[in-house]
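Hi everyone, thanks for making time.

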Amino acid sequence: MRILSKEEAKQLLEKIISYSKADECEANLSGGQEGNIRYARNTVTTSGLAENITASFTAYFGKRSGTVTFNEFDAESIAKAVRRAEELARLAPENPEHMPVLEPQQYIETPTFVERTAQITADYRADVAGKSIAYCKNKDLIAAGFFLDNAQFSAIMNSKGLFAYRRSTEVEFSLTVRTTDGTGSGYVVQDFNDVAKFDVESATRIAAQKAIDSRNPKALEPGKYTVILEPAAAVDLLQNMLFNMDARSADEGRSFLSKAGGGTRLGQKLFDERVTIYSDPAHPEVPASPWAGDGRPQEKVYWVKNGVVQNVYYSRYWAAQKGVKAIPPPANAIMLGGAKSIEEMIRSTKRGILVTRLWYIRTVDPQTLLYTGLTRDGTFYIENGKIMFPVKNFRFNESPVIMLNNLEELGKPQRINGNLVPPMKIRDFTFTSLSDAI
């Protein structure tokens, strides 16, 4: 199924909205194609291509609303879906925090679509799996990987005339490599909008070498260590912190940004002065949607600059209550770093631990952002600038707020899960116990 053009999407949305008799309404349209190939034990297990277009329609009567989703677009199906949403809206209780749909907005252009990514074929996916499996087989390793590509469009329109449209492409690759004796494990994850930036053999080498190097790990006593967090290890903690920068939670005393006795810590220096984090949907390396889910425009926003909290995000309702701009949640996370590679950061470490990734992260205390989780797929002891030996995995208890105050070094940022995150050297990172998991 091809991607609908801007004009085609607009015409279909206008048709959907024309059936509505609600006070206000809003429709979203998205679709395209998504291909994948999965392998385990050095054998392809599944592959597929899914094509679909889906619409969601929300009808509003006063402060009541009802939503339906559907994927049949003949006149009878559209009319039936719109009537159903309106029936649900009439039955629904009033939402005391209801906000009317937005007037037309201005959106920036974001470079999310690359034609060559949209042209990926089943042969290309098979070649990715074949090269990755062949490399691991030759090293007597066991590979389990997943490659996904998509080419999609999305559009939004409401009864006040707001309309937005964009196309996007993406490839995602993740690979876990195990040694045949079951004692070593390596991991790599990469994603790009432009498939030309993806090199399956290079990515496979990273996971394979980590698996080889992590065989027969030794046990170290848990405690506080200097760690080098690779971007795959740091990204989840950073994202969790950004997702908790909601203004209402801070105002109501439920957030790490709440000030004791009332008020928020907006404008305070909470982190090392080298910490600068912003979002920018137009960034060429990590482009993102130019609008939030409710149609608000996304723009470049500094959340933390030189260690100082610059902004928090607002729902439209809460922004209206406070009389401030309704900044939407971040479209992506971009953290400034340095110029050093991970290898250079290891050479400058007297004693520490290299962490490939963190896993199974769970909240311990939302008001201090204390999280727990496990290291996984390659944890190594460093001494006098060299990796000395692999170590057994740890459970950690750590807060990104504390972590970003204990910075030793920042490396060169890398794209990870649609974000740009540098490797980080952190002092006094807290490991609480050992794990026998590989």
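I'll talk about salt bridges today, with a few pairs picked out along the way. Please keep in mind that this is a predicted model.

How many salt bridges does the structure hold? The count is 22.

Let's begin with Asp 194 and Arg 116, whose closest N and O atoms sit 2.7 Å apart. This pair links distant parts of the chain, 78 residues apart: Asp 194 lies in the loop between strand E6 and helix H5, and Arg 116 belongs to helix H3. Is Asp 194 buried or exposed? Its relative accessible area is 12%, and under 20% means buried, so Asp 194 is buried. Arg 116, at 48%, is partly exposed.

Next, please find Asp 272, which forms a salt bridge with Arg 274 at 3.0 Å between the closest N and O atoms. Here Asp 272 is buried, with 15% relative accessibility, while Arg 274 is partly exposed at 38%.

Now for Glu 408 and Arg 427, where the N to O distance is 3.3 Å. Again the pair links distant parts of the chain, with Glu 408 in strand E16 and Arg 427 in strand E19, 19 residues apart. Glu 408 is partly exposed at 34%, and Arg 427 is partly exposed at 29%.

Methods:
Residues numbered from 1 in each chain as written. Predicted model: local features only at pLDDT ≥ 70, side-chain atom pairs only at ≥ 80, totals over all residues. Heavy atoms only, no water. Salt bridge = Lys/Arg side-chain N within 4 Å of Asp/Glu carboxyl O. Helix = DSSP H or I, 4+ residues; strand = E, 2+ residues; numbered from the N terminus. Buried < 20%, exposed > 50% of the residue type's maximum accessible area, 1.4 Å probe, protein only.
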